[in-house]
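Here are a few exercises on how two chains meet, each with a worked solution. Have a go before you read on.

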Amino acid sequence: MEIVPYVLLSLGAVFCAYKAVRSPRLLASALYLAVVSALVSVMLFLLGATEVAVIELSVGAGLVTVLLVYALSMVGEDTQDPPSYIPKPLAFVLVVVAAGLVGWMTLPMLPLPQATRDLLLVDVLWKQRALDVWIQIALIFSGVLGILGLLTESQTVTEDEIEPEALEPVSAVIAHQEAGWRKAEAASEAEVRS
Amino acid sequence: MTLFNVLIVTVACLLGVGLYGLLITRNLIKIVVVLQLLVKSVVLAFVVAGKVSGHPGIGESVAATIIVADTIVAVVALALAVQVRIRFGTLDIPKISSLRG
């Protein structure tokens with residue numbers, strides 16, 4: 001009876017993952033992905049990996065979904081998923097072979113021993129694998145810099161697109177005004193001479 | 001059927017669905033979604049492997065690192081997709097590659 005919640009969560013996660021792949025609308029795909037992330041984080045919590053579950057729920061279901069919705073709001077929802085070049089039966093057969101190999105090679109590997117919680121995540125992460133923490137910090141900074149660079153580049157692109165169109169009418173207006181002034185000057189000179 | 005079997009079957013199913021989506025998808029943003037699905041299964045696999053091998057801390061540590069790295073990948077990929085959409089007007093990968101001239 002211990003495995004019943006895991007089975008239910010697994011069925012829900014796989015179903016939502018399939019819906020995320022097959023959904024024609026990108027917003028629905030993003031929301032199904034958030035549901036998959038939430039279900040996986042509940043499974044991680046039940047497995048005892050509470051810290052990873054919290055990170056997965058906040059980052060996977062929260063931040064990534066917000067980013068996807070933001071990108072979709074910039075791109076527009078009109079981008080339908082075109083049909084694939086690979087025939088779907090061939091893709092299905094390939095995937096069944098790959099997933100079957102994963103299960104076939106992993107399942108008979110070892111029976112489930114009693115998990116010994118000898119080292120906590122905090123100890124491992126800060127003492128044994130401190131390099132991982134530095135890599136994570138570097139990754140976060142590189143991500144922030146990349147986003148800043150790409151967003152500022154998009155602003156300059158829009159300005160470049162606007163400038164030539166905007167300058168032409170202004171120069172035309174100035175030329176028109178100058179022509180008017182010359183006419184007025186010529187008319188005043190003619191009056192003075194007469 | 002033990003708990004380990006259920007979890008491994010879940011990992012294999014999520015991996016299969018993600019690979020299937022990666023094969024049939026041509027939209028750039030959809031590819032980011034499918035990559036996220038793949039990474040979910042990998043995170044679950046690492047935590048299960050750590051728990052099974054008797055060193056849960058190492059598995060959880062690697063899983064946390066994977067989550068951070070994958071989030072950065074998603075961020076940069078989405079920003080690139082937005083830029084591609086602004087410059088090329090499409091998110092379809094074959095059309096982008098044919099526009100290269």
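A polar contact is a pair of N or O atoms within 3.5 Å; within protein, one must be able to donate a hydrogen and the other to accept it, and residues adjacent in sequence count only if both atoms are side-chain atoms. This is a predicted model, with local features needing pLDDT of at least 70 and side-chain atom pairs pLDDT 80 or more, while totals for chains, interfaces and linings use all residues. Residues are numbered from 1 along each chain, chains are lettered from A, and side-chain values use heavy atoms, without hydrogens or water.

**Exercise 1.** Find the polar links across the interface of chain A and chain B.

Solution. Start with polar contacts: the rule finds 6 residue pairs, both partners at pLDDT 80 or more. Next, look for a side-chain nitrogen of Lys or Arg within 4 Å of a carboxyl oxygen of Asp or Glu, i.e. a salt bridge. There's 1 across this interface: Lys40(B) pairs with Glu56(A), with the closest N and O atoms 3.3 Å apart.

**Exercise 2.** Work out which element gives the largest share of the side of chain A that touches chain B.

Solution. Count contacts (heavy atoms within 4.5 Å): 83 residues of chain A meet 65 of chain B. Then sort by helix (DSSP runs of H or I, at least four residues, numbered from the N terminus). Helix 3 of chain A comes out with the largest share, 14 residues.

**Exercise 3.** List what Leu68(A) touches, leaving out residues up to four places away in sequence.

Solution. In its own chain, take Ala30(A) and Leu33(A).

How values were computed:
Helices (H or I, at least four residues) and strands (E, at least two) are DSSP runs, numbered from the N terminus.
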